[in-house]
Amino acid sequence: MAPGTASGPGSSALLSCLGFPGWGGVHLILPNRGDPPALARRLHGCAPTMPAGHLLPALLRRHRDLEPLDPGHWPWAREAPMAWPQAWGHRYLLVCRWGAASPLRISAWQRQRGVGDWIRLCEPVPLPCFRERFLGAQEMTRATPSPTTIKAMAPTAQ
């Protein structure tokens, strides 16, 4: 999407990841399809049963299109709301909190068209709640193969 255009369903987004062991604050640009259902699909596809601290490395391995944000271009370092690139239609904060009952929590915001301000889409919620809200039970079931499907896909001994 060209700079200065309004955000749309195919717009990019910013994903900030904090608290992951061995990583400082990591800010990633989702270059396309940055809407909440698309991010929920990406996160759901990264082994939902793995330990919380392993999600960020798995996400980076699986989705090579994620781009790290250059620290010299952090928009929150500037006061003007329009310092945020217009192509970013959404922004997310994913926090890993060790020892918590729900170690992965995510918040989401959407840019208001025209004014450039942000409105909150969801407060910090556990990652499974975010996936359920934006994917729905049917899509989550479809994205995770059932044991019988896995068995059917396995090669048979001849």
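A residue is called buried here when its relative accessible area is under 20%, exposed when over 50%, and partly exposed in between (1.4 Å probe, protein chains only). The structure is a predicted model, in which local features need pLDDT of at least 70 and side-chain atom pairs count only at pLDDT 80 or more, while totals for chains, interfaces and linings use all residues. Residues are numbered from 1 along each chain as its sequence is written, and side-chain values use heavy atoms, with hydrogens and water left out.

With a disulfide taken as a pair of cysteine sulfur atoms within 2.5 Å, the count comes to zero. The sulfur of Cys 17 has its closest cysteine sulfur in Cys 96, but the separation of 10.0 Å is too far for a bond. Cys 17 is buried, at 1% relative accessibility, and Cys 96 is buried as well, with a relative accessible area of 5%.

Attention now turns to the charged side chains. Two salt bridges are present, each defined as a side-chain nitrogen of Lys or Arg within 4 Å of a carboxyl oxygen of Asp or Glu. One of them joins Arg 42 to Asp 65, with an N to O distance of 2.7 Å. Because Arg 42 belongs to helix H1 (residues 36-44) and Asp 65 to the loop between helix H2 (55-62) and strand S3 (67-68), this pair ties together parts that are 23 residues apart in sequence. Helices (H or I, at least four residues) and strands (E, at least two) are DSSP runs, numbered from the N terminus. Arg 42 is buried at 9% relative accessibility, whereas Asp 65 is partly exposed at 29%.
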